Amino acid sequence: MMQVQFIGCGDALGSGGRCNTCFHVTGERVNFLIDCGASSLPALKRLKIVRNDIDLILITHFHGDHFGGLPFLLLDAQFSRRTRPLLIAGPQGIEKRLTQLREALFENSSTTKPHFDLAVVALTPDETRTFGAVTLTPFPVVHGESGGPHLAYRVEAEGRVVTYSGDTEWTETLIPAARDADLFIAEAYYYDKIVKNHLSLKTLEAHLAEIKPKRLILTHMSEDMLERLDTLAYTAASDGMIVEV
Ligand SMILES: [Zn+2]
Ligand SMILES: [Zn+2]
C-alpha cells in the first residue's frame with residue numbers, strides 16, 4: 001500500500017493559485033517525488049514533508065513547472081545538512097540541464113560539493129529501471145518539438161502501479177503506460193478544446209475504456225477546467241490531497 005500526496009497539481013500559469021506539479025509517494029519501502037516544479041520547496045514545507053527522507057526524484061520534463069524546484073530543494077538539502085543519498089532521474093540531458101538551471105539561479109551551487117551523495121541519472125524511453133524498491137518505466141509522450149524529451153512514468157512499488165501522464169497531447173503510448181494502473185494521474189488541461197502539447201478531458205475520456213485505470217485523478221488543469229470542477233464525473237487533484245493506493 002502506498003500513499004500519494006499532491007504537493008502541487010497546478011499548471012505553469014499558477015491557475016487557481018495552485019502550486020506547480022509535485023507528487024509525494026510513500027510506502028513501507030519507498031519515499032519519492034514525481035516532478036519538482038518551481039514552487040515545490042515552500043509547498044513541501046507548508047505540508048510539513050521531511051525533505052531529507054526523500055530518496056528519489058523523478059522528473060518528467062524540463063519545463064519550470066515540473067523541474068524548476070530542484071535548485072531550491074538541493075540548496076535546502078545542503079543547508080539542512082542532509083546525509084542521506086539522493087537520486088534524481090529524468091529524460092536524456094538531465095545532467096547538463098540541471099547544472100545549467102542551478103547555476104542560473106544560485107551561482108556556484110552545482111560546483112559546491114554536497115554533504116550527501118547526489119546521483120543524476122538519464123532515462124531511456126521504454127527501458128525499465130529499478131531504483132531501490134521502485135521499478136520505473138518511462139514512456140515517450142508528445143509535448144512540443146523543443147526542450148524534450150518528454151516522458152510519462154509507470155511506477156511499480158509495494159505491489160501497486162501508479163502512472164503519471166506528464167504533460168502531453170493524446171498519444172497512444174499512454175495506453176500501455178497506464179493500462180490497469182491502480183492510480184492514473186492524468187493531465188486534463190482543457191475540458192474539450194483540442195490544443196497541441198496538452199490533453200483535454202474529452203480526449204482522455206474517449207480512451208479510458210482501453211486504458212482501464214482502477215482509479216483516475218485529473219491534474220494540471222487550466223482555469224477552463226477549474227471552473228467546471230463541481231460538474232465533473234471524475235476526481236480532480238487539489239494541493240495537499242492525500243490518496244491511498
Ligand atoms: Zn506543466
Ligand atoms: Zn510542460
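Entry 1: I started with His63, which is partly exposed, at a relative accessible area of 32%. I kept in mind that this is a predicted model. I then looked up His61, which is buried because its relative accessible area is 1%, under the 20% cut-off.

**Entry 2: zinc ion (ligand 2).** Which protein atoms are donors to this ion? I found His61 (NE2), His63 (ND1), His143 (NE2) and Asp167 (OD), lying 2.1 to 2.4 Å from the zinc ion (ligand 2). Along the sequence I read the donor spacing as H-x1-H-x79-H-x23-D. I next checked the geometry around the zinc ion (ligand 2). The angles among the four donor atoms run from 91 to 170°, so I logged the arrangement as irregular. Tetrahedral would need all angles between 85 and 135 degrees.

**Entry 3: zinc ion (ligand 1).** I listed the residues that coordinate the zinc ion (ligand 1): Asp65 (OD), His66 (NE2), Asp167 (OD) and His220 (NE2), at 2.1 Å. The geometry of this site is irregular too, with angles of 87 to 164° among the four donor atoms. The donors of the zinc ion (ligand 1) are spaced D-H-x100-D-x52-H along the chain. I located two of them: His66 sits in helix 2 (residues 64–67), and His220 in the loop between strand 12 (216–219) and helix 7 (223–226). These two are 154 residues apart, and the pair links distant parts of the chain. I checked burial for both: His66 is buried, and so is His220.

**Entry 4: the two ions together.** How far apart are the zinc ion (ligand 1) and the zinc ion (ligand 2)? I read 3.4 Å. Asp167 coordinates both ions.

**Entry 5: nonpolar cores.** I moved on to the largest nonpolar core, which has 31 residues. Val4, Phe6, Phe32, Ile34, Leu58, Val155 and Ile185 touch the most other members. Elements giving two or more residues to this core include strand 1 (2–8), strand 3 (31–34), strand 8 (134–140) and strand 11 (183–187). Strand 9 gives the most, with four residues.

Entry 6: I traced an open sheet of seven strands in the order 6-5-4-3-2-1-14, with mixed pairing. Strand 6 (118–122) and strand 14 (242–244) are the edges, each pairing on one side only. Neighbouring strands are turned by 20° against each other on average, direction ignored. I looked at one pair in detail. Strand 1 and strand 2 run antiparallel and are joined by six bridges. Met2 stands opposite Gly27 in strand 2.

**Entry 7: helices on the sheet.** Which strands does helix 3 (residues 70–79) touch? I found strand 3, strand 4, strand 5 (86–90) and strand 6. The direction of helix 3 makes about 170° with that of strand 5. Helix 4 (residues 94–105) also packs on the sheet, touching strand 5 and strand 6. The direction of helix 4 makes about 130° with that of strand 6.

Definitions and conventions. Residues numbered from 1 in each chain as written. Chains lettered and ligands numbered in written order. Predicted model: local features only at pLDDT ≥ 70, side-chain atom pairs only at ≥ 80, totals over all residues. Heavy atoms only, no water. Donors = N, O, S within 2.8 Å, 3.2 Å for Na, K, Ca; no water. Tetrahedral: all angles 85-135°; square planar, octahedral: opposite > 155°, others 65-115°. Buried < 20%, exposed > 50% of the residue type's maximum accessible area, 1.4 Å probe, protein only. Core = buried A, V, L, I, M, F, W, Y, C linked by side-chain atoms within 4.5 Å. Pairing = 2+ DSSP bridges. Axes fitted to C-alpha atoms, helices over the stretch in contact; angles between N-to-C directions. Contact = heavy atoms within 4.5 Å.
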